[in-house]
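Work through the exercises below with the sequence and the coordinates open. Each task is followed by a solution in steps.

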Amino acid sequence: MPTGANSKKKYTYVWVSAIILIFGTFAVYEISKRLKEGTVVENDRMSIPNLGKEVGFVVNEGKKRRVPAFSFRNQDSVLISDKDYLGKVYVVEFFFTTCPTICPIMTKNLVELQDTFKEYEDFGVASFTINPRYDTPSVLKAYTKKYGIEDKDWHLLTGDRDSIYSLAQEGFYLPAIEDSSAPGGFEHSGMLALIDKQGNIRSREDNYGNPIIYYRGTVTEEQGVNEEGEPQQITMLKEDIKKLLLEE
């Protein structure tokens with residue numbers, strides 16, 4: 001039977017454990033309640049710790065979401081379609097070469113992925129410009145040299161503006177629009193999409209089985225967290241790319 005100081009320590013531990021249990025149970029209850037009510041917003045979901053490790057499928061109305069068919073010219077004026085990416089794990093972004101804000105950061109992160117997976121022939125990147133009138137193949141070629149884009153399966157794609165906007169907005173549900181009030185004249189997302197070898201959109205799931213859908217491309221590993229308090233997700237993306245590369 002505990003006595004003296006040992007008895008006090010034991011009772012202290014019991015009370016601390018009880019408090020942790022009570023507050024932990026309440027926190028789980030609140031998060032679960034908000035998930036059921038649909039009141040968890042994107043920032044809430046991104047901040048839930050210890051995201052699950054499974055790279056699940058993104059599903060809409062019971063069907064796996066796939067990359068829609070596309071066909072555009074790359075930086076070498078070669079016609080590239082979605083079929084050229086079959087059998088490869090790749091990352092999709094929407095950008096423009098004169099973007100003064102998030103695009104350079106996104107490109108830096110994608111170059112980091114390029115360098116990480118340079119030994120893998122079945123890894124690639126698809127960068128769709130949302131300013132195709134300016135971003136011609138020659139402009140895109142100059143951009144590759146400026147940022148050290150060397151992977152033969154990293155295609156910077158340009159073509160019909162409406163087709164690119166449709167791909168972004170209806171294919172990926174990501175914003176892409178000309179907006180004179182936005183920096184550089186265009187509004188677009190800083191998120192990155194991960195695609196598997198069969199053309200399915202994939203993403204890590206949180207602890208509740210909900211896909212995060214996209215990965216934040218506007219914060220580098222070196223930064224860790226941006227000024228808005230949003231954490232980098234490039235490390236997570238690297239882990240998930242590796243998993244998909246190992247899939248048959």
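Predicted model: local features only at pLDDT ≥ 70, side-chain atom pairs only at ≥ 80, totals over all residues.

**Exercise 1. Determine whether strand E11 (residues 191-195) is enclosed or open to the outside.**

Step 1. Set the cut-off: a residue is buried when its relative accessible area is under 20%.

Step 2. Apply it along the strand. Five of the five residues of E11 are buried, so the strand is largely enclosed by the rest of the structure.

Step 3. Check the two faces separately. In a regular strand, side chains alternate between the two faces of the sheet. On one side of E11 are Met-191, Ala-193 and Ile-195, on the other Leu-192 and Leu-194, and all of these are buried. Both faces are therefore covered, in keeping with the enclosed strand.

**Exercise 2. Find which strands pair with E11, and in which sense.**

Step 1. Take strand E6 (residues 89-95). Three bridges connect E6 and E11 in the antiparallel sense, and Val-92 stands opposite Ala-193.

Step 2. Take strand E13 (residues 215-216). Its pairing with E11 is antiparallel, with two bridges; Arg-216 is the bridge partner of Met-191.

Step 3. Take strand E12 (residues 201-204). E12 runs antiparallel to E11 and is joined to it by two bridges, with Ile-201 opposite Ile-195.

**Exercise 3. Locate the UniProt "binding site" positions and describe the surroundings of Cys-103 and His-188.**

Step 1. List the positions. The unreviewed UniProt entry gives Cys-99, Cys-103 and His-188.

Step 2. Compare sequence with space. The positions span 90 residues, yet no two of their C-alpha atoms are more than 10.1 Å apart, so they gather at one spot.

Step 3. Beyond four places in sequence, Cys-103 touches Phe-95, Phe-96, Tyr-143 and His-188.

**Exercise 4. Classify Tyr-147 as buried, partly exposed or exposed, and find its contacts.**

Step 1. Tyr-147 is in helix H4 (residues 137-147).

Step 2. Its relative accessibility is 24%, so Tyr-147 counts as partly exposed.

Step 3. Beyond four places in sequence, Tyr-147 contacts Pro-104, Thr-107 and Val-111. The C-alpha atoms of Tyr-147 and Lys-108 are 7.6 Å apart, although 39 residues separate the two in sequence.

**Exercise 5. State how many residues the largest nonpolar core has, and which elements supply it.**

Step 1. In soluble globular proteins, nonpolar side chains tend to be buried together. Here the largest nonpolar core has 55 residues.

Step 2. The residues with the most contacts inside this core are Phe-94, Phe-128, Phe-172 and Ile-241.

Step 3. Among the elements that each supply at least two core residues are E6, H3, H4, E11 and helix H6 (234-246).

Step 4. Take Phe-128 as an example. Beyond four places in sequence, its contacts include Phe-70, Val-92, Phe-94, Leu-157 and Ile-164.

Definitions and conventions. Residues numbered from 1 in each chain as written. Heavy atoms only, no water. Buried < 20%, exposed > 50% of the residue type's maximum accessible area, 1.4 Å probe, protein only. Helix = DSSP H or I, 4+ residues; strand = E, 2+ residues; numbered from the N terminus. Pairing = 2+ DSSP bridges. UniProt positions renumbered as here; feature names shortened; annotations may be inferred. Contact = heavy atoms within 4.5 Å. Core = buried A, V, L, I, M, F, W, Y, C linked by side-chain atoms within 4.5 Å.
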